[in-house]
Amino acid sequence: SGINAEDAAKAKDGGKRAQRATSNVFAAFPQQQIQEYKEAFTMIDQNRDGFIDIEDLKDMYASLGREPSDKELKEMLAESPGPLNFTMFINLFGEKLTGTDPEDALRNAFSMFDAAGTNYLDEDYIKDLLENMGDNFTQEELRQTIKEAPISSGKLDYNEFVKLIKRGKDE
C-alpha cells in the first residue's frame, strides 16, 4: 500500500494534525457542558450510528410533534461542512455560542415570551411556564424564585431579573 499525502503530513508532525483541530473545540467548553452536548447529540442521533442525518432529525422532530419539510431539514444539515458527527456538532454549537453574552442569551429567552416587547412578563404567566415547561420547578423552587424576583404590580421586570440572576444582588 502506498503512502498518501495525509499520512505523510501526519508522520511529519507526529500524528498531531487531526488531534489539534478537535482538541481546541473541546477545550472551549467545560467538561459538564460537553457531557450535556453529548447527551443532546445522542438524543438526536436516533439510529445511534454516530452521525445526525435527515432521518434522525425527522424522528426527533416527530417525537416533539413537529414535521418540518425536507427542505428545512436539509438547510439545517447544510450548516455542517461535512457529515454531522459529535465533533462537528460541538463545532457548530461553538460557533453559535462564542461571543454570546450569557446575559443576552437569558434576556433573549425571556423576550421570546414577551410578544408585546414591554420588557415585563405577567407573574402568573412566569409561574405557569416554570411549573409546566422544561425542567418543571417544584412549589418550593418556584416560591424561592418569585421571592427574589423584581415583581411589581404582578409584572416581572425580566431585564432586572437577568441582572439579578447573573450578577447577584446590589451590583
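Guide: Buried here means under 20% relative accessible area, with exposed over 50% and partly exposed in between (1.4 Å probe, protein chains only). Helices (H or I, at least four residues) and strands (E, at least two) are DSSP runs, numbered from the N terminus. By those rules, helix 9, residues 139-148, has Leu142, Thr145 and Ile146 as its buried residues. Because they cover an arc of only 95 degrees around the axis, they lie on the same side of helix 9; the arc is that of the directions from the helix axis to the C-beta atoms. As background, an α-helix has 3.6 residues a turn, so residues three or four places apart point the same way.

A word on the source: this is a predicted model, where local features need pLDDT of at least 70 and side-chain atom pairs count only at pLDDT 80 or more, while totals for chains, interfaces and linings use all residues. Residues are numbered from 1 along each chain as its sequence is written, and side-chain values use heavy atoms, with hydrogens and water left out.

So what covers the buried residues of helix 9? The cover includes helix 8 (123-132), strand 2 (151-152) and helix 10 (158-167), with contact meaning heavy atoms within 4.5 Å. Have a look at Glu123, which is found in helix 8. Glu123 counts as buried because its relative accessibility is 19%. Setting aside neighbours within four places in sequence, Glu123 is in contact with Ile146, Ile151, Gly154 and Lys155. Ile146, you'll recall, is one of the buried residues of helix 9.
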